[in-house]
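User: Could you walk me through how to read a few features of a structure? I would like the general idea each time, and then the case at hand.

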Amino acid sequence: MTQHGEISDYLSVHQLTKKFGKFTALDDISFSTKLGEFLCVLGPSGCGKTTVLRAIAGLEKPTSGTIVVEGRDVTQLPVSRRNVGIVFQSYALFPNLTAEDNIAYGLKQRSKKAKGVEGRVTELLETVGLSGMGNKYPAQLSGGQQQRVALARAMAISPHLLLLDEPLSALDAKVRIRLRSEIRQLQKRLGVTTIMVTHDQEEALTMADRILIIDRGKLVQMGTPGEVYDKPATPFVASFIGSMNFITKVRKMEDGIFGVGEHRLKISNGRGARRVQNGEPVMIGVRPEDVMIQADGGDGINTLNTLVSAIEYRGSLFRLSLNLPISGNDYTTIDADVPSEKVRRLGLQENMHLPIHLPVDRIRVYAA
Amino acid sequence: MEKIETKTIILPLNHKKNTQYTWLNPAIGFSKNLMFFALPAALIWYLADKSDYNWQWYRIVKYIGTFQKESFIPGPLLKGLWVTLQISVISLFLSCLTGLITAVFRLSPSFALRAIARIYLEVIRNTPLIVQIFFLYFVLSPVLGIERFTSAVLALSLFEGAYASEIIRAGIVSVSTEQWEAAASIGLKPFRIYRHIVLPQAIPVIIPPLAGQMISLIKDSALVSTIALYDLTMEGQMIIAETYMVFEIWFAVAVIYIIITAGLSIFTHFLEKKFSKSFNN
């Protein structure tokens, strides 16, 4: 279609920009999805992720940029002509219509044959597990059931794209987790290309084929859940998805060797380390679960002596806050997630001296 | 962007039913109603009795109606009531229609439609009804060749329609934009969205204030007497000119107006219940 998207891309978004007055909600966002892919748009509140979805839906006119579906430029089409199924955060079910009618209205608009519509509605209710509930009004259904009706209504029009705007945020934890896998299975079975907006990183990691991370209107990273978790492109991504310890005032000494005060750390190339020049100040990051406890001491590579300043119980694991002296009285705090069993076995306590090891290939380097 | 979606829930302040004295409820209700009318009536009666005015209530009856040769001949008051009812009912219907169209125009994406609605609304709202009645009757009706009754109905419908439009617009706007978006996303056209999704949700919100407006319409219809249309008020004036029974006739006229408006109130109350029951659980 254009120089950016390949023909094989089902949906491609090029240089999407949306301004509300002086405020730039979306700044030059480009991405594409393949047919049947489940894409999650992830970001903190107010980052513009819902605006991306609304632009794709046709509910918001972009200031500039194009949206191409199946090789057809749909940027100027209104929502009613885009054939997108939308599940709103509040579901937006029609309260004056029964579940059945909520699902049927979109079908009735399309076909005049009442028989076919009836059969399809029954089938859809069955698909979302609400057989026999068709004559209930939305107010008579639980949150999870309303969610399913919303999903069935969106699917009824056999949409080119299924757009989900924080579909699970209004549900309690148990229902949310069950619906996660149900939505994913349904999506796979029907093979509909889906974009879901969420601020819940766990939801994105468990459901998505690929994740799009947006911060303050800018696309910061796009990749599989494994990629964005393992190789976060920026400190923002690193701390938004999971948690990350950052050590500042680090200097690159030579290739693969970085200095933190008097400590010397070896960091494997390719984790952001190659981009920086020798002597340049940088910041390094390591995830709490990657910090290894070296209870038996040892002076190996990347072994640091720390002081346990706090222990926080988290059920299956403990989070240890470790003070790492850098130079003189200056120290930095590193969090480490340690399995409960290990904490008990080693008898870890506050104010204990504890050597830790930072694995060479688990440290990421960021520009300071 | 996180938005906290607010649902329109119609929660009447007085929604708790008194379950303790169920069998007494009709009695309590009746005595309450009685108090509403009986107390003011008693007060007026007391004041009237104290004053030196020579009350001649018995003379009113023949102005309401008489029996001649076993058939009922309606008196001038009833004839006036019939005219008032005709004007009111037609205007009621027309003003709701005008209101709905104006509201839809004001919410339309078209600038022209919005402008038309806005101009109509401002012109009507910012001039007195009596001026509008005179303008229609003395200026427009000779030009357009419309008669007295029609110009009265038109003036009232246009006037009340402007107010009704704001009430209807408020009701439509109270339906969340997501309802529109959801309806549009499944391919519904604007007419069907209004007809099947938005208006059914707006109506329970619209009914109570619209009922108030329609009661105003009935009372405002008294102003058509100024263009010599023989409605209830005009007939009252005529009888007074003939009999000098100022107090009795005005009281009688007032009571007749109360009966019509109270009837309308009860009817809208019933409508309100019917519509809000259907889906608000």
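This is a predicted model: local features need pLDDT of at least 70, side-chain atom pairs count only at pLDDT 80 or more; totals for chains, interfaces and linings use all residues.

User: Let's begin at the surface. Which residues gather in a patch of positive charge?

Analyst: The general idea is to look for like charges joined within 9 Å. Here the patch brings together A:Arg72, A:Arg81, A:Arg110 and B:Lys189.

User: Where does A:Arg81 lie, and is the residue buried or exposed?

Analyst: Exposed means over 50% relative accessible area. A:Arg81 has 57%, so the residue counts as exposed. As for its place, look in chain A at the loop that runs between β5 (72-73) and β6 (84-87).

User: And B:Gly80, is that one buried or exposed?

Analyst: The cut-off for buried is under 20%. B:Gly80 is buried because its relative accessibility is 0%. You will find B:Gly80 in helix α3 of chain B, residues 76-106. Its C-alpha atom is 9.8 Å from that of B:Val253, although 173 residues separate the two along the chain.

User: What does UniProt list as "transmembrane region" in chain B?

Analyst: An annotation can be set beside the model, span by span. The unreviewed UniProt entry gives residues 21-48, 81-107, 119-140 and 249-271 of chain B. In the model, residues 81-107 are 96% helix and 0% strand, with end C-alpha atoms 38 Å apart. Residues 249-271 are 100% helix, and their end C-alpha atoms lie 33 Å apart.

User: Which residues does the record list for "domain: ABC transmembrane type-1"?

Analyst: The unreviewed UniProt entry lists 81-268 of chain B. That stretch is 84% helix and 0% strand, and 21 Å separates its end C-alpha atoms.

Terms used. Residues are numbered from 1 along each chain as its sequence is written. Chains are lettered from A and ligands numbered from 1 in the order in which they are written. Side-chain values use heavy atoms; hydrogens and water are left out. Patches are made of residues with over 30% relative accessible area and no salt bridge: like charges are joined within 9 Å, nonpolar side chains (Val, Leu, Ile, Met, Phe, Trp, Tyr) within 5 Å. Accessible areas come from the Shrake-Rupley method with a 1.4 Å probe; for residues, only the protein chains shown count as cover. A salt bridge is a side-chain nitrogen of Lys or Arg within 4 Å of a carboxyl oxygen of Asp or Glu. Lys and Arg count as positive and Asp and Glu as negative; His and the chain ends are not counted. The place of a charge is taken as NZ of Lys, CZ of Arg, CG of Asp or CD of Glu. Helices (H or I, at least four residues) and strands (E, at least two) are DSSP runs, numbered from the N terminus. Buried means under 20% relative accessible area, exposed over 50%, partly exposed in between (1.4 Å probe, protein chains only). UniProt positions are given in the numbering used here, feature names are shortened, and annotations may be inferred rather than shown by experiment.
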